[in-house]
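Here are my notes for you to read with the model open beside you. Take the points one at a time and find each residue as you go.

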Amino acid sequence: MKKILIIEDEKILSEMYKFKFSKEGYEVLSVMEVEEGLALAKSEKPDLIILDILLPKESGIGFLEKRKNIKEIADIPVIVLSNFDDSETKEKAFALGADDYLIKSNYNPQDILNKINSYLK
Amino acid sequence: MNVYAISALINAITSLTLGLFVFFKTKRNAVNKTFILLSSAVFIWSVFYFLWQNSNDYASALLYTKLLSLGSTLIPIFYLHWVLSFLEIKDRGSNFILFLGYALTSVFLLFSFSPFYIKDVEEALTFNFWPKAGLLYTIYILFSYVGLVGYGLVRLVKSHFDNVGLKRYQIRYVIFGTVIGFLGGASNFFLWYDIRVLPLGNVVISLYVFILFYAMMKYRLMDVRVIARKIFIYFVISAFTYGFFYFLIWLYSHFFGGLFTTASYFIGVFVAPIFVAVFYILDRRIKNFANKYLFVSLYNYQETINKLIDELTTYIDLEKIINLIVDTIKETMHLDRADVFLANTDNGSAEYQAFKIKGHEKNSSPSFSQNSILIKCLSKNQKILVRDELVALSKNSADEEEKKNLSRISEYMGKMNISLYSPLVVNKKLIGVIALGSKISGDPYTKEDLDLLTILSKQASIAIENACQYKQIQEFGKTLQDRIDEQTIDIKLKNEELGRLLEARTEFLSIASHQLRTPLAAIRGYASMLKSGDYGDLSEEARKSIEYVYDSSVRMIDLVNNLLNVNRLERGVINLDIKEISIDQIIKECIKDVQSIAKDKKLTIEYLNEGKISTIEGDYEKIKNALGNVINNAVLYTLKGGVEIKTSTTSEEEIKIEIKDTGVGIEKEDLDKIFQSFSRGKGGTEIYTGGTGLGLYVAKKFIEMHKGKISVYSKGKNKGSVFTVVLPIKP
């Protein structure tokens, strides 16, 4: 069973994605902070990470920066899923190794699932 | 020849000269006419007096006595007539006295050759032949000499107290002359009645001529000053010429043996240039003398005015102009003080403030308000206000209010030592006032002074007005610059403020949109999952409802996206995230987004992919946004029929997307505006009110960012539209 890590502080959204992705047969882990995400990613080695940008304490960009330097998780594909879509952040995210950058409100959970499937199947 | 004969001759000459002065100046007015008569009478009396004194026999002495009496009989009545004309007295009493005077004088004249008038001539004191008075002569002395002259004198004295200024001074000298002349003349009467008193007064009679002459010079008595001045000069010059001539005769006779000797001719060669040189020097000396001592106040109007005008035109500075005016007036007229007050109309009502003060302390010249009696009076009359005249004016005024005001002004002027106010008027508006003190000599202001002041004031008014306007323009220029500076700063501050506001707006938009997007994403996400049966089957109503929720959330998300995009486009901070994207996939996704709406409206959506090219390089989000907006519009603005989407390949490098609907269409005049921000076609607003006018604007911008093109074609209202998007394979 493939593992997906969701780093998202809005519980209402992470629950939604968790429900949808679990239904598809993925094991879904969710955390609300960057540090927790890093720790969980290291210990659980998910197959894909869904990352929000605006997070408490530290932003998603911070996660990407740190991930790059942690060998064991550096290669895990990351889909940024944020409502924050300014060009600068987007470019930074891509430069730090994000595989995709999606605006939450523009996609249904099914669309995101389709994306995940395209990475994992 | 005795001293009386000589004095008579002098009397004759001086009277005749004075009479001629007046005659040559003007003989038209009553004053001058009667004076000429008086002078003639004095002349007749004096000439025959002279002849009588020189007569050696009884018969001629008697004849000359009777002839001289003709003159002396006429003197009192002519004198009275002159005095009344001079004083401008025309009341019935005076007229009656005058008439009576002429009547009785006629009687005297009628009997002047009879013994009732002059009985005889007899020896008296040093005189061989002195006349003796008849009864009628005594009546003449009492009626004419005492009565008529006395009445004239009384009227003079009375007028002296009623009059002011120049006239008063004139009257004073006439009284003085009268007393001298008639007292001197009266000394002749003693011997007529055997009273042994010599007629010594006769010697001083001619003094009255000089007194009147002085009054003419200084106080413009009978307006003969200018001609009198000339005559004075000619008189002295002729006296010199005659004197020189007789001196030469005397010289030649005594030292050179007569006038027509060789030596005389020889000397004449030297004397002639000496005469010319002396004449030239003398001429100038006399003129200087006359100007200096006799005609102190006789300045040359034209010269003063021309000089002032000349200088006034060289200045535009208010201060300098006022200085010039004050100095010119003060120095020309020898005044103790001269001030200029100017109207200050800063706060609506004029305040006349002391601008230039000369000859006294500034704090003794307070300003006048527009409503002060003085300013009101000057504004109303716009004439020079002389204090001396005010006294008489207030006495004669019938209006109690005016009387009070005039006497108050007069009182004030007295307190402030001001003799005269001259208004400065431009366009009938009082722009200022010149206030003058007294003449240092103590003399009153003459008519000539007032005429000069009137002209000077007019010239000064214009110059002051010009200077004020110049100053105002300068001040206006400065104020304008200040205002511009102020507003530049203001604009700068506002600009900065605007910048801050724009920044704040951007910030607000990005925060707001982010905050909006999160709940919208949740609504959209859960609704989509509910709708697709992730939470189990729904009843038809529930499914329908949840579809509405879903569509509404998508609409709101589109709105948020468009608002954000417009803001970014306006700020020019939008970048493309170029990737390989599938147009086919984007169109399908867009169709999916509007599927339920179309289904509701029973619209068909046909999609025909005829193109060989399926992928291009571009920004997925933006192309989706652009095409989504166009497709969305096509569905929203179509009521029946459907939407047809067709992709085709026009060349190896371009992909063409046509979106054709059977909707409201676009009117011709709207076609140009349809891609502008916040612009909506008329037809569109009629059937769908939820639009913002942003979708096509954003679409056009995004497509253009990809170096693509978007165009629209519509046959008109209700005839559907065709949107054509052409995108290059590589932007």
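Predicted model: local features only at pLDDT ≥ 70, side-chain atom pairs only at ≥ 80, totals over all residues.

1. Let's start with Phe675(B), which is buried because its relative accessible area is 11% (buried means under 20% relative accessible area, exposed over 50%, partly exposed in between, with a 1.4 Å probe and protein chains only).

2. Residues are numbered from 1 along each chain as its sequence is written, chains are lettered from A and ligands numbered from 1 in the order in which they are written, and side-chain values use heavy atoms, leaving out hydrogens and water.

3. How many aromatic pairs turn up over all chains? A search of the whole structure gives 36 (rings of Phe, Tyr and Trp, the last by its six-membered ring, pair if their centres lie within 6.5 Å; planes under 30 degrees apart count as stacked, over 60 as edge-to-face and the rest as tilted). One of them joins Phe368(B) and Tyr421(B), edge-to-face, with 6.3 Å centre to centre and 90° between the planes. Phe368(B) sits in strand β5 and Tyr421(B) in strand β7 of chain B, 53 residues apart (strands, E, are DSSP runs of at least two residues and helices, H or I, of at least four, numbered from the N terminus). Both Phe368(B) and Tyr421(B) are buried.

4. Now back to Phe675(B) and Phe723(B): their ring centres are 6.2 Å apart and their planes at 90°, so this pair is edge-to-face. Phe675(B) belongs to the loop between α19 and α20, and Phe723(B) to strand β15, 48 residues away along chain B.

5. Arg172(B) lies over the face of Tyr169(B) at 4.9 Å from the ring centre.

6. Have a look at Lys90(A), in helix α5 of chain A. Lys90(A) touches Tyr101(A), Asp577(B) and Glu621(B), leaving aside residues up to four places away in sequence (contact means heavy atoms within 4.5 Å).

Definitions and conventions: Lys NZ or Arg CZ within 6 Å of the ring centre and 35° of its normal.
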